[in-house]
Amino acid sequence: MHSYIRPSQYCVVQLPSDQLKIIQPVPNTIVQLGKYGSFAANQILGRPFYLTFEILDTPEPDGYGLRIVSATELHAETLIEEAEADGEGDDGEPGEEMPTRTNKGINDDNSAQRLTMEEIEELKKESGAAGRDIVAKIMESHSTIDQKTAFSLAKYTLRKRKKYIKRFTIIPLDVSTLANYMLAEKDAGRTLELRDEHIGLLGCFGNVHSAGSSNVEAIPDVTPNGRYIVVDDTGGLIVAAMAERMGILYPHDEDEEEDLPSSGDANQEQQVPAKPSRRQHIQGMSASGNTITVISAQAQANLSLLKYFGYDTNSPDETHPLHTHLKSLSWLQLVDPSRDPILSAEPPTLPDEELAEMKSNKRQAYYFKRNRYLKNKAVSDEARAGGFNGLIVGTLFEPSSVLKHAVPLLAGSSQVSIYSPNIEPLVELMDLYSVARRTAYINRKRDLESRAPVGGEADLSSLYEEFTLNPSLILSPSLHHTRVRPWQVLPGRTHPMMTGRGGAEGYLFHAIRVIPTEESVQAAGNFRKKRKLETTSTPASDKDVVMLS
Amino acid sequence: MPSPFLTPGTTAQPNDITLLHLRRDQALPTILRDYDEDNMGYKEGKVANTRFGSFPHSTMINRPWGSQIAASKVDTGSRGRRGNPAKRKADDLDESGATTTGAEEDTPSAKKPVAAASGFLHMMYPTPEAWTLSLPHRTQVVYAPDYSYILHRLRVRPGDTIIEAGAGSGSFTHAAVRAVFNGYPEEPQTKKQRLGKVCSFEFHEQRAGRVREEISEHGLDGLVQVTHRDVYQDAFNVGDPKTGPSPKANAIFLDLPAPWLALKHLVRKPESGESPLDPSTTTHICTFSPCLEQVERTIRTMRKLSWLNISMVEVQCRRIDVRRERIGLDATGIRGATVFPTTVEEAADKLWVDEQRAKVSRTAAKVKHGAEESNGEDDTFVLPESLREKPAAPSYSLGRLVHRSESDIKTHTSYLVFAMLPREWSEEDEQKCRQRYPSNKVEDPEESGKSKKQIKRELRAKFEQAEKAKKATEQQAPEGNVEAS
C-alpha cells in the first residue's frame, strides 16, 4: 500500500515550515503548495514515499522540474559539524582552544542584516535565485554572523531555510499521519485531541488485532472472532486506527508485491479498479469475523475521515475491505429495535409474479428497501447476540451509559479500552467500579436473592436502580495517562524540545470483562494478614467479600 | 494449534496457556492440562495452587474464558507421603520409601473435584499486556505504554515482518506478533499474501532458549522465529548468518546496548551478502536505549547511513489511582478516613460545642460537690446544624472522589529513537517512472472532456513550444553570464 505513490491516492506533503498538507496527486494535474510553488503530480507518481524533493527553477529538458534531495545533503550541516567535532577531539591541544563565543556583541535589532526587505524580495523575483541561493546571500550579508554561537547560527540558518527553500517531502497518509495532521492543521477537538501515544495504547489495551485469515473457522473449537465494538466520536479516526491494526484499512493490499510495469499510459492508471458488475454485487457488512461494529448516536455514523483511506461511507467502494468488515448501527437499533423506523417496519416479501409485473423503478425501490431492512436486521441481531471480543470507546457520551449497554455484549476475558481527553468522566467511571461498590452490589444481590420466594425469581429492580452498572462484570479497572516528550538531538546540543502542544492531556481506561458465577462464592486468602479473619456466620460484612482486584 | 494469544475461541481448551488473575498487576500463568503433567500426585490431575485456594485444571477446561472459578478442596497434604523423589527435599528422601503405600501409587482416573467453602479466581486468556505483567523477568521489560507507541510509530501492520534484536524477556515479542499476525502458516492460504512474522534475535543462549520454549508453549511457532545470534557480528539473515535468506523486514526494533554496531547491517546494500530489509517498502526503525550517550551515538551513525526523519522521544506513562477521600468529624472509626472538620463553620461550631460541653460538665461537677446550687438554668444546648447526624448514605458514595498518580511511577524507561529508510531509488527506476508519468503532461481539469486526438495535438504543440522556449533560454544564458561578470 505504501511502497510507492499511487495515482489519486491521498498523501501528505510536509513543507519546510513543518506544515502538513493533504494532497491527492491526480495524474496530469498541478499540485499547488502556496508560497513554496507548485509541481506536476506526474513528477512524484510512482516514486517511493519519504523522499524529499526540491523544486527546480529551470526544469530538465523533458520537463521534469524536481530534484531528489539525498539524505547526505539533508544531514549535511550536522554531518560537517560532527566531523569537525571529531577533528577537534583528535588533535585539539588543550592550550589552543577556540575562544568560546557568546552573544555579547550582538544587538537585539535588525541592524546586523545588511540586506533590506526590498532587496530580499528582489532576490526572490530574480529568475535564477533558488531558495538555497537566497539563504546563502542572506547569511553572507549578515555582518555579525561570525559572532554567533554555533547554536544561534544553526537556529538562524534553519529559520531562513524554512522561509525560502522550496523543498517538500511526500508522506503516506496513514492513521498516525492523519492524527498529527488533525492535531496540527485542523480543529483538534474534532478528533478529541487523540495523539499517537493514545492511539497505540487504546488499540493495545483493547487487544485489537487481526483475526487471521477467514479459514480460522476451519479450526475446531475456534469460532470466528475478532469482532470489536467501536464507539467513535472522532469522525472515524478511531475506526481507522482499529481497522489499521486489523488489516482492513488499506485497499490495495493484494498488489503490494507487484512491480511497476515497464511501460503503459498514465491514463490507464486513472481508472479506479473496475467496479464489480451487479451480478457480483458484494453485500455490505457481511463479514463474520475480523469486523468492527460501530454504534453511533446518529442514524448514520459519522465516519467522514475514512474517505482519506479510500472509503466513502456514502458511496462505498465495494472492493474496499471496510465494505464488508465495517458494520454500523445506531444505539436505537441496538437498545430498542422495535422503535427503530427501519427495523420496526419490515417491508413485506412480494411473490415473484407480482414483482415481474411491477415497473422497474418500483421494483428497484422494493429491492432497496428489502435489502436495507435485511442488512440492518442482520447487523442488529448479530450485535444484540453479543460475544464481542473487545470494546473500544472514544466518545462524547457519558462513559457509564456506553458501558451499561456494551459490556454485557462482550465475551468473557475480552478487553474494554476507553479514551477520554479529560480525566473527570473516567474518574467517575472508576468510582462506579470501585471495590466498595462492587462489594455492596454483591451483598445486596445476595440479600435480595435470599429473600426471594421459594422457587420464584428474586425482584432485583431495586438493585438495578441503585447500581446503574453491574460492577461484577468488570475486573481490574485501571486509569492511565501517557505522554510522549520529544527531544532535539544535535551534536552537543541535546535537550528536550522547548515548546510543545498543550490542551487535552488524554487518559485511558482499561478493564477486563469477566463472567461471575451464578453460585455465591466467597473470597479466601490471606490478603489482609494483619487482621484476624472474621468468621461470622453472616458473610454480609464488607471486608469478607472483597473481590480480588 | 491456534494460539490463545491470537485466537482464543470462547472456551479454554487443554494445552492452552491461561492466566489466573491474582491481583491487578499479578496473574499466574499456567498451561491447562487434562492430565497430571509433572506427576505431582494430586488426585484431581494437574492443580494450580494459589493463596486463594487450589484450582484443579479439570474445573477450568471447557469453561468460557473470563469465568469466575470456585476453588476446590484438594488434598495437598497426603500426596507428600506418596514418595515422589523429584518433588521431595533431599533430607526427606529416606522417609518417603517407608510411607509409600501401593494403593496411593496409581489412581486409575482423576478424582472429581469437590468445591471448597471459599476462594475463587478469574481465568483469562492471555494478552500481551497481561503477559508483560506476569512473565518471568530475565531482563528489563518493555512495557505496554512503550511498545504500543513503538509499534504504532513503526507502522507495524498485519502481514509485516519485524526484526527484534534483544528478545530479552519476550514482552515486546508477544506484542509484535499480535501486531503482524494475519494468519497461521500451517493454514492453507486462499490468497497470495505475505504472512506476518517476527524475527527475534537474542545473543544470550539461555534466554534465547527460554523465549523459544515460551513461544512454543503459547502456540506461536511459525509466527516467531527465535535465533540465538550476536547481531553485531553476524547480522540479521535468518538461519545461517552467511547464506541464510533475508527476512525482508519492514520494521526493526533494537533493544541492544550498542545499537550503532548493528546498524551497519541494516542498510540497503550491506558489505556482506543480502540486505535484511524489504526492498519494496520503507523501513522503519526504533532503538530503545536508557542513556543519552547511546542515543547520540546511534543517531550519529543513522545520519551517516542515510536514515531520514530521525527523531527521539521518551514516553512518560503513569497509572492513576482513584479513590474516595473521607474527611469529616463524623468519619471516626473508618479506615483511611481523616477526622477533621470539612468547613470553617464546622470547626467554629465544634469549638463552640466543646466549650458548651465543658461548661455543662463544670457546672455538673460543681453541683455535685455542693459548691454551687443548681441555678435552674437549662444545661442542655441545641447542637448546631453542621454537627448533627446526617441521613445515612451508602458508604461507597461517601467522601470526595479524588485521583492521584500511583505511588511508584516509572519516571524513565528508555529513550526511543525513530528513523526511516526510504526504498532505494535508482536512476533507472526514475527513468521508468518518467516514461510512465510524462513529466510535462498536464491537463486542465476543465479540459478533461476533450477527445484523445485533441489532447495529443495540444500536447505536441505544448512540447514544441517548450522546446522553443528552451532554445531561447539557452541562447540567453551566455548573455546573462556576461552581464553577471
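1. Let's start where the chains meet: 98 residues of chain B are in contact with 102 residues of chain A. Contact here means that C-beta atoms, placed from the backbone, lie within 7 Å. On the chain B side, strand E12 (residues 308–325) gives the most, with 13 residues; helices (H or I, at least four residues) and strands (E, at least two) are DSSP runs numbered from the N terminus. That side of chain B has 43 nonpolar, 32 polar and 23 charged residues. Ala, Val, Leu, Ile, Met, Phe, Trp, Tyr, Cys and Pro count as nonpolar, Asp, Glu, Lys and Arg as charged, and the others, Gly among them, as polar.

2. A word on the source: this is a predicted model, where local features need pLDDT of at least 70 and side-chain atom pairs count only at pLDDT 80 or more, while totals for chains, interfaces and linings use all residues. Residues are numbered from 1 along each chain as its sequence is written, with chains lettered from A and ligands numbered from 1 in the order in which they are written.

3. Back to E12(B): it pairs in the antiparallel sense with strand E13 (residues 474–488) of chain A, over nine bridges. Strands pair if DSSP finds at least two bridges between them. Look for A:Thr482, which stands opposite B:Cys317.

4. Chain A is assigned domain 1 (1–83 + 128–173) and domain 2 (175–253 + 281–452 + 459–488 + 501–513); the bounds come from an automatic or database domain assignment. Their C-alpha centres lie 41 Å apart. Nine residues of domain 1 are in contact with 10 residues of domain 2. The domain 1 side of that divides into eight nonpolar, no polar and one charged.

5. Five strands of chain A form an open sheet, in the order E2-E1-E7-E5-E6, with antiparallel pairing. E2 and E6 (66–69) stand at the edges with a single partner strand each, so one side of each is left without a neighbour in the sheet. Inside the sheet, four bridges join E1 (residues 11–14) to E7(A), and A:Val12 has A:Ile171 as its bridge partner.

6. Helix H6 (residues 175–185) of chain A lies across E1, E2 and E7 of chain A, running at about 120° to E2(A). Axes are lines fitted to C-alpha atoms, for helices over the stretch in contact, and angles run from 0 to 180 degrees between N-to-C directions.

7. Finally, what does A:Met242 touch? Leaving aside neighbours within four places in sequence, A:Met242 is in contact with A:Gly203, A:Val208, A:Tyr228, A:Val230, A:Ile292 and A:Ile392.

Notes
Two residues are in contact if their C-beta atoms, placed from the backbone, lie within 7 Å.
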